[in-house]
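Please read the following account alongside the sequence and the structure. The paragraphs take one region after another.

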Amino acid sequence: GLLKPKAATMLVSTIRREFPDLPIHVHTHDTAGIGAASMLACAEAGADAVDVAIDAMSGTTSQPSMGAVVGALQNTPLDTGLDPMKINQINEYWEMCREVYGPFESGQKSGSADVYYHEMPGGQYTNLLFQSTQLGLAGQWPAIKKAYAAANRLLGDIVKVTPSSKVAGDLAQFMVQNNLTEKQVIDEAETLSFPTSVVEYFQGYLGIPYGGFPQPLCDRVLKGKSLPNGNKQFTGRPGEEMEPYDFEAAKSELQSKWPQLEISDLDVISHALYPKVFDGYLKFREKHGDISMVPTRQFLVGLEIDEEIPIEIEYGKTLYISLKGISGIDEDGNRTLHFELNGGPRDVTIPDNAFSGEKIVREVADPSMANQVGAPMPGVVIEVKVKQGQEVVAGEALLVLSAMKMETVVSAPVDGIVKRMLVGVDDSLAAGDLLVEIDDS
């Protein structure tokens, strides 16, 4: 949403003058609240198409209002020919749909012109707002926006689109979580455990930015780290160094791992692009089955007592499911749900995730002790790379944390021997929890 009306006029008119026959299609968000004005300026300057959103879904970090743009151009040489009454009929449907998904909205109530300062893409704005809340940073959104601008400067004032915008967002949250200034990030980079996306950015996984990577931050972030091929960084386009992908071998491997499923070519592509996400998806399918036919509202919020829904699991075969009651919580933190399935009773026992049983109290790392490695962010341990008694060097990966799509490789801040490893895979951690103690004597 950074495109202002005057800039839009200059941009589009210049392109049109140089390329008279080139189709020009403009896309922007409405974060600051002047998106409609910018799209009108584009149209008047010679754009062939501009992106808008149906009124009920427009504004803020979405696109400008369709009804507003269409209405503004009525009875002018640029009249779209669209019928405002028909747009209103469609809009009424989406107004009702939006109510269903209301619980998942970010809470943003109005436009915000500070986008011109932090330059956060509209598509990322609401995602980052939600993600920061889940990471325990609720109430610190203004600080995160300021940190985003600082992160952008630290990264070299990059073009922020997926996935480069994620790098800036991860670094911003990391800075706020650890109360770091721009100067501290540079000065302490050799001992900080940066999010994986930040490390991979400096390794060149997204390519080499114009003018190269900012120094000395780049060298400090990469101290003790290397690519799988042993090099410190990619020197060109990362894809040029990739080995040819064996799709047939991957399909055979997936079929062996998941023999109960019929692995398709689409599955293989999904696995090739996002192996961890795809593996998690198949584990979910293995546990819960195919839930794609469950109605959206019931999937999101569950059934009301005595509510019955039909679910067609295949052509001509429909299940009628009704929730009859929910038991109290037992000593193991489980509840039993009493259903009727096609008129017959069916009980299902599930864990109540809200149950607070015995609480695990973890040691907290002492920030003044360089040999005590604390969790830089809240999250879950997904991989442990060292064991007790193992010799490590500064910068070597100790373990990997994950939280809300953000992975962080926790590195050794000093040389030494792992004296204590206090966590394991799947352990949930708070920021500052002691992970590893290193004997650096």
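**A walk through the predicted model**

D439 has a relative accessible area of 36%, so it is partly exposed. The model is a predicted one. D439 belongs to strand β14, which covers residues 434-439. On the surface, D439 gathers with E391, D415 and D440 in a patch of negative charge.

L273 counts as exposed because its relative accessibility is 57%, and the cut-off for exposed is over 50%.

Helix α7 is mostly covered, with 11 of its 15 residues buried. Among the buried residues are W141, I144, Y148, N152 and L155. The length of α7 can be checked: at 1.5 Å a residue, its 15 residues should span 21 Å, and the end C-alpha atoms are 21 Å apart, so the two values agree. N152 is part of this helix and counts as buried because its relative accessibility is 5%. From N152 to Q260 the separation is 108 residues in sequence and 46 Å in space, C-alpha to C-alpha.

The loop between α7 (141-155) and α8 (164-177) contains P163, and the peptide bond from T162 to P163 is cis, with omega near 5°. P216 sits in the loop between α10 (196-203) and α11 (217-221). Most peptide bonds are trans, and most residues other than glycine have a negative phi.

T60, which is not a glycine, has a positive phi of about 50°. The loop that holds T60 runs between β2 (49-50) and α3 (66-73), and T60 counts as partly exposed because its relative accessibility is 24%. D306 likewise has a positive phi, near 70°. D306 is found in the loop between α15 (296-301) and β3 (308-314); with a relative accessible area of 52%, D306 is exposed.

What holds charged side chains together across the chain? The whole structure contains 19 salt bridges. One of them joins K160 and E119, at 3.2 Å from N to O. This pair links distant parts of the chain, since K160 is in the loop between α7 and α8 and E119 is in the loop between α5 (115-118) and α6 (122-134), 41 residues apart. K160 counts as buried because its relative accessibility is 11%, whereas E119 is partly exposed, at 27%.

Another salt bridge joins the side chains of D219 and K232, at 2.9 Å from N to O. D219 lies in helix α11 and K232 in the loop between α11 and α12 (247-257), so this bridge ties together parts 13 residues apart in sequence. D219 counts as partly exposed at 39% relative accessibility, and K232 counts as partly exposed at 36%.

R335 and D352 also form a salt bridge, with their closest N and O atoms 2.6 Å apart. Here the bridge ties together parts 17 residues apart in sequence, because R335 lies in strand β5 (residues 334-341) and D352 in the loop between β6 (344-351) and β7 (372-374). R335 is partly exposed, with a relative accessible area of 28%. Finally, K257, D279 and K283 are linked in a network of salt bridges.

Note on methods:
Residues numbered from 1 in each chain as written. Predicted model: local features only at pLDDT ≥ 70, side-chain atom pairs only at ≥ 80, totals over all residues. Heavy atoms only, no water. Buried < 20%, exposed > 50% of the residue type's maximum accessible area, 1.4 Å probe, protein only. Helix = DSSP H or I, 4+ residues; strand = E, 2+ residues; numbered from the N terminus. Patch = residues over 30% accessible without salt bridge, like charges linked within 9 Å, V, L, I, M, F, W, Y side chains within 5 Å. Areas by Shrake-Rupley, 256 points an atom, 1.4 Å probe, with all protein chains shown as cover. Salt bridge = Lys/Arg side-chain N within 4 Å of Asp/Glu carboxyl O. Lys, Arg positive; Asp, Glu negative; His and termini not counted. Charge placed at Lys NZ, Arg CZ, Asp CG, Glu CD. Expected span 1.5 Å × (residues − 1).
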